[in-house]
Amino acid sequence: MMSEDKKVLLEVQKVKKEFVTSKSLTGKPLKIVHAVDSVDLTIYEGETIGVVGESGCGKSTLGRCILQLSRATSGQVLYRDQDLVPMKKKQVRALRKDLQMICQDPYSSLNPRMTVGQIIEEGLITHKFFKRGSKRMKPYVFETMNKCGLQNYMYNRYPHQFSGGQRQRIC
């Protein structure tokens, strides 16, 4: 049940994503796969959603379109009333610290040669929260881990040492 005072955080309107799988000699598309077909969704502040469906139905493609990792063929993606579709890559990258998708089994996105502490620090460095080697970074990582239900002693563990749910929280 939706409260009247909650603001729209993310709105997806009629998003489609098509992949051309074969072209004629002149470049005309011959075969098109409709990966995502006219999806609408609205997420309000404080909400979390899960996209559920069978393998190959377009869940990850929809997430990639929302994050602008793959441009939608058509439709609109509004984050806090800003249309992400026409934005330049640099502008969208700045917003990615606020937007993310977490896959059911995120193990493939975690570098098995890095500790969880290093993995979390890498994101903070990439999004310019801290410079590499900052003395304030490790306490921030511990605080973030604790908010996600991960203990400080897990900082030096590797991804294979965590359960699926813990890996999702790491992501």
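## Ground rules

Residues are numbered from 1 along each chain as its sequence is written, and side-chain values use heavy atoms, with hydrogens and water left out. Because the model is predicted, local features need pLDDT of at least 70 and side-chain atom pairs count only at pLDDT 80 or more, while totals for chains, interfaces and linings use all residues.

## Overall fold

The protein chain has five helices and four strands, where helices (H or I, at least four residues) and strands (E, at least two) are DSSP runs numbered from the N terminus. Along the sequence they follow the pattern β-β-α-β-β-α-α-α-α. The C-alpha atoms fill a box of roughly 55 × 45 × 30 Å, taken along the principal axes.

Of the 171 residues, 29% count as buried; buried means under 20% relative accessible area, exposed over 50%, and partly exposed in between (1.4 Å probe, protein chains only). Contact means heavy atoms within 4.5 Å. Among contacts between residues at least 6 apart in sequence, 53% join residues at least 24 apart.

## Strand pairing

Let's begin with β1. Its antiparallel partner β2 is joined to it by 11 bridges, and two strands pair if DSSP finds at least two bridges between them. Val8 stands opposite Tyr44 in β2. The hairpin of β1 and β2 has five residues between the strands, and Gly27 takes a positive phi near 95° there.

β1 also runs antiparallel to β3, with five bridges joining them. Here Glu11 stands opposite Leu78 in β3.

## Nonpolar cores

A nonpolar core is a set of buried Ala, Val, Leu, Ile, Met, Phe, Trp, Tyr and Cys residues joined through side-chain atoms within 4.5 Å. The largest one has 20 residues, and Leu10, Val15, Tyr79 and Leu84 have the most contacts inside it. At least two residues of this core come from each of β1, β2, α1, β3 (74–79) and α2 (89–95). Leaving out residues up to four places away in sequence, Tyr79 touches Leu9, Leu10, Leu84, Leu95, Asp98 and Leu99.

A second, separate core has 16 residues, including Leu110, Val141, Leu150 and Ile170.

## Two pockets

On a 1 Å grid over the protein atoms alone, a cavity is a set of points where a 1.4 Å probe fits but cannot get out, and a pocket is an open set with protein on both sides within 12 Å along at least five of seven lines; lining residues have an atom within 4 Å of a point. Grid points are joined across faces, edges and corners, and a volume is the space filled by probe spheres set on the points. The largest pocket has a volume of about 1,300 Å³. Of its 35 lining residues, Gln100, Gly123, His127, Ile170 and Cys171 are the closest to its centre. The largest share of the lining, six residues, comes from α3.

The second largest pocket has a volume of about 1,000 Å³. Its lining has 26 residues, and Ile49, Gly50, Gln100, Met101 and Ile102 are the closest to its centre. Here α1 gives the largest share of the lining, five residues.

## A loop residue

Arg132 sits in the loop between α3 and α4. Arg132 is exposed, with a relative accessible area of 68%. Leaving aside neighbours within four places in sequence, Arg132 is in contact with Ile125 and Met137. Arg132 and Glu122 are 10 residues apart in sequence and 8.5 Å apart in space, C-alpha to C-alpha.
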